[in-house]
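Hi,

Here is the model we talked about, with the sequence alongside.

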Amino acid sequence: MSYPKSLKLYVGSLVAASLLLFAYSLLLIWEQPFPWTGLFFFAIIAIITEAMPVRLPRGGTISVTFAVDFACLLLFGPAVVSVVNVFSYLFCSLPNEEKVPIIKKTFNISQGIISAASAGIAYKLSGGEFGQVSYEYLVPIIIAAVVFFVINTTAVTIVISMVEGISPWGIWLTNMRYFVPNTLALAPLGLFMAGVYQSWGWLGVAIFFIPLMLARHSFKLYMNMREVFLNTIKALSLAIDAKDNYTRGHSERVAGYSVEIARALKLPEDQVETIRYMALLHDIGKIGIEEHILNKHGQLTNEEYARVKEHAIIGANIVKEVERLGDAYLSVRHHHERFDGAGYPDGLKGEEIPLGARIIAVADTFDAMTSDRVYRKGLARDVAINELKRVVGRQLDPVVVQAFVANSESKPEVQRASELAVEG
């Protein structure tokens, strides 16, 4: 895989910084005996915890290794915890040696050293003493935890942003925010682990390993709930597509287009994710419409068309029951409103229509035009785009159409709607 030059320069700068900080970290413990026993003991624990990561939504992983690193930092200083980090990462990446790119290995090792060294230096400069775990040093301990957290999450946020082409703030909203509860829970555990080691040695820490694994299990359950939530939405969208023979795969394609439009409009990534959910569910109200109407080959009667239009209200009422989505259900209710106010169900116009609904309307219209039907062939991409331009200001939001067209022109290889699949 080819990586942008900016990413290579970024990782290269991290390597240089990590070497300098590691050298400085060694000076902090230069006059003390090197704690080989502590290093090997904490390296073993770190290898075990690092081998059980929890995957994050937009790439990257999180583990309970932070508690181990933090305890090691307070006991032995940044040089030792940096070595522990290297050992744990190398041992855990060996089974996937061929799958992990060199640049990723280099980044992970470098940012681990920088995070640990920066936290250790901050701890020392703020009055802390390595190997003297005491509430007397509570302020330096808090400072060290904050520095470790900020450096680590910032480094990871920047690299994911470079790879995915999404703003760092967007990555934070959908990914790094999960580090906050993890850090709040694990920093005290690390402090307690250091105190146990100082009082009872490695045996006390080995016993303490059980609650550490419970913390990891709790966080994994939390992340699994999010995954189940997304999978449930996908399953519902597939159920609707299966009911309507003419729109197989329609919801996923509309979601894919909607995400591209939202990002072209530079919306916050958490808002992009919500729009994605609503696009997947925009036709869920069709579950309440009779199949003989949805799958009718001929033209619908006025009564049948009125019945079909009810799917927007039915769908909104269904999505409204999902408390986590807040008022996002309005995007489902209003995705058939027209910019000139001639749409349904409420005749909203212009910016009265929620932005999510305006985005889904453009994606929905484009997919409807470019998808094949039993009774007609889908329009060519250029023809469909010209049709979108023709109805701006009347049916569709000009700003949203402009964003879609600009994004589409920057990706000329996407010729047909059927080729676009929403990300997993």
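This is a predicted model: local features need pLDDT of at least 70, side-chain atom pairs count only at pLDDT 80 or more; totals for chains, interfaces and linings use all residues.

Residues are numbered from 1 along each chain as its sequence is written, and side-chain values use heavy atoms, with hydrogens and water left out.

**The whole chain**

The protein has 18 helices and two strands. Both kinds of element are DSSP runs numbered from the N terminus: H or I with at least four residues for helices, E with at least two for strands. Of the 424 residues, 50% count as buried. For that word and its relatives, buried is under 20% relative accessible area, exposed is over 50%, and partly exposed is in between (1.4 Å probe, protein chains only).

The accessible surface comes to about 20,500 Å², and carbon and sulfur atoms hold 62% of it. That area is from the Shrake-Rupley method with a 1.4 Å probe; for residues, only the protein chains shown count as cover. Among contacts with a separation of 6 or more, 70% are between residues 24 or more positions apart. A contact here means heavy atoms within 4.5 Å.

Two packed helices are described by the angle between their axes and the distance between the axes. The axes are lines fitted to C-alpha atoms, for helices over the stretch in contact, and the angles run from 0 to 180 degrees between N-to-C directions. Angles under 35 degrees count as roughly parallel, over 145 as roughly antiparallel, 65 to 115 as roughly perpendicular, and the rest as oblique.

Start with α1 (residues 5-28) and α6 (residues 138-164), which pack at about 160° with their axes 9 Å apart. That makes α1 roughly antiparallel to α6. Their crossing is left-handed, meaning that the near helix is turned anticlockwise from the far one by less than a right angle (clockwise would be right-handed). From α1, the contact uses S6, L7 and Y10; from α6, it uses T154, A155, I158, V159, M162 and V163. By class, seven of these contact residues are nonpolar, two are polar and none is charged. The classes put Ala, Val, Leu, Ile, Met, Phe, Trp, Tyr, Cys and Pro in nonpolar, Asp, Glu, Lys and Arg in charged, and the others, Gly among them, in polar.

Next, α11 and α16: their axes come within 10 Å and cross at roughly 55°, which makes α11 oblique to α16. This crossing is right-handed. Q271, I275, M278 and A279 of α11 meet L355, G356, I359 and I360 of α16. Six of the contact residues are nonpolar, two are polar and none is charged.

Then there are α13 (residues 302-309) and α14 (residues 311-320), whose axes come within 5 Å and cross at roughly 20°. The two are therefore roughly parallel. R307, V308 and K309 of α13 touch H311, A312 and I314 of α14, and that contact has three nonpolar, one polar and two charged residues.

**Single residues**

Most residues other than glycine have a negative phi, and most peptide bonds are trans. With that in mind, two spots are worth a look.

- K266 has a positive phi, near 60°, without being a glycine. K266 sits in the loop between α10 (250-264) and α11 (269-280), and with a relative accessible area of 71% it is exposed.
- The peptide bond from Y344 to P345 is cis, with omega near 15°. P345 is in the loop between α15 (329-333) and α16 (355-370).

Finally, two residues that pair up across the sequence. T274 lies in α11 and is partly exposed at 26% relative accessible area. T274 and A328 are 54 residues apart in sequence, with 7.2 Å between their C-alpha atoms. V383 is in α17 (residues 381-390) and counts as partly exposed at 44% relative accessibility.

Cheers
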